[in-house]
Amino acid sequence: MNILVSACLLGLPARYDGKEKACPWVLKLGEKHTLIPVCPEQMGGLPTPRTPSECRGLSVTDKNGVDRTEAYETGAACAVRVAEINHCTLAILKQRSPSCGSKMIYDGSFTGKIIPGAGVAARALQKAWLPVFSEEDQQAVEKVLAEADFHV
């Protein structure tokens, strides 16, 4: 099975701060599945490292007040296309990211406040009917994969 995964969860230095957030259980999925790395922010043309950004409604603004929505939307469209080309059956994305957060994101105040919501790429992938999970959803992902293996 092909799984779309935030590049930072695979140990690639793609985060805004140039660091990674390797997730051991996600990496272990690579033993049975093909993991397809994406960083929608890089795919949208933003550099690494980059100024932190947060969602404000449907817009994305960086800490300096620069509107980055277009780059995030471009990256989201690229992520959807990568998922389509690779016939991905689900995505595992970095929670709280303005691109990849699937359930929780920062509120746009740059104060560390977290609110319910989804990032730009997560929303685009969900709109394209791809199930989106985060690194915090290990049990749910394992259940989906076990059910898929059962039906094969």
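1. Let's start with Arg96, which comes out as partly exposed because its relative accessibility is 22%, and the cut-off for buried is under 20%. Bear in mind that this is a predicted model.

2. What does Arg96 form a salt bridge with? The partner is Glu136, and the closest N and O atoms are 2.8 Å apart. Arg96 sits in the loop between β5 (90–93) and β6 (104–106), while Glu136 sits in the loop between β8 (132–134) and α5 (138–151), so this pair ties together parts that are 40 residues apart in sequence. Glu136 is partly exposed too, at 45% relative accessibility.

3. Now look at Asp137, which makes a salt bridge to Lys103 with the closest N and O atoms 2.6 Å apart. This pair also links distant parts of the chain: Asp137 is in the loop between β8 and α5, Lys103 is in the loop between β5 and β6, and 34 residues separate them. Is Asp137 buried or exposed? It counts as buried, because its relative accessibility is 15% and buried means under 20%. Lys103, at 40%, counts as partly exposed.

4. For a local pair, see Arg81 and Glu84, whose salt bridge has its closest N and O atoms 3.5 Å apart. Both residues belong to helix α3 (residues 69–85) and lie 3 residues apart, about one turn of the helix. Arg81 is partly exposed at 47% relative accessibility, and Glu84 is partly exposed at 44%. The salt-bridge count for the model comes to 8.

5. Back to Arg96, this time for the pocket. The largest pocket holds about 470 Å³ of space and has 25 lining residues; those nearest its centre are Arg15, Tyr16, Arg96, Ser97 and Pro98. What is the lining made of? It divides into 13 nonpolar, 5 polar and 7 charged residues.

6. β3 pairs with strand β4 (residues 59–62) in the antiparallel sense, over 4 bridges, and Glu54 stands opposite Thr61 in β4. The two strands form a hairpin with 2 residues between them. Check Gly57 in the turn, where phi is positive at about 70°.

Notes
Residues numbered from 1 in each chain as written. Predicted model: local features only at pLDDT ≥ 70, side-chain atom pairs only at ≥ 80, totals over all residues. Heavy atoms only, no water. 1 Å grid on protein atoms, 1.4 Å probe; cavity = no way out; pocket = protein on both sides within 12 Å on 5 of 7 lines; lining within 4 Å. Points joined across faces, edges and corners; volume = space filled by probe spheres on them. Nonpolar A, V, L, I, M, F, W, Y, C, P; charged D, E, K, R; others polar. Pairing = 2+ DSSP bridges. Salt bridge = Lys/Arg side-chain N within 4 Å of Asp/Glu carboxyl O. Buried < 20%, exposed > 50% of the residue type's maximum accessible area, 1.4 Å probe, protein only.
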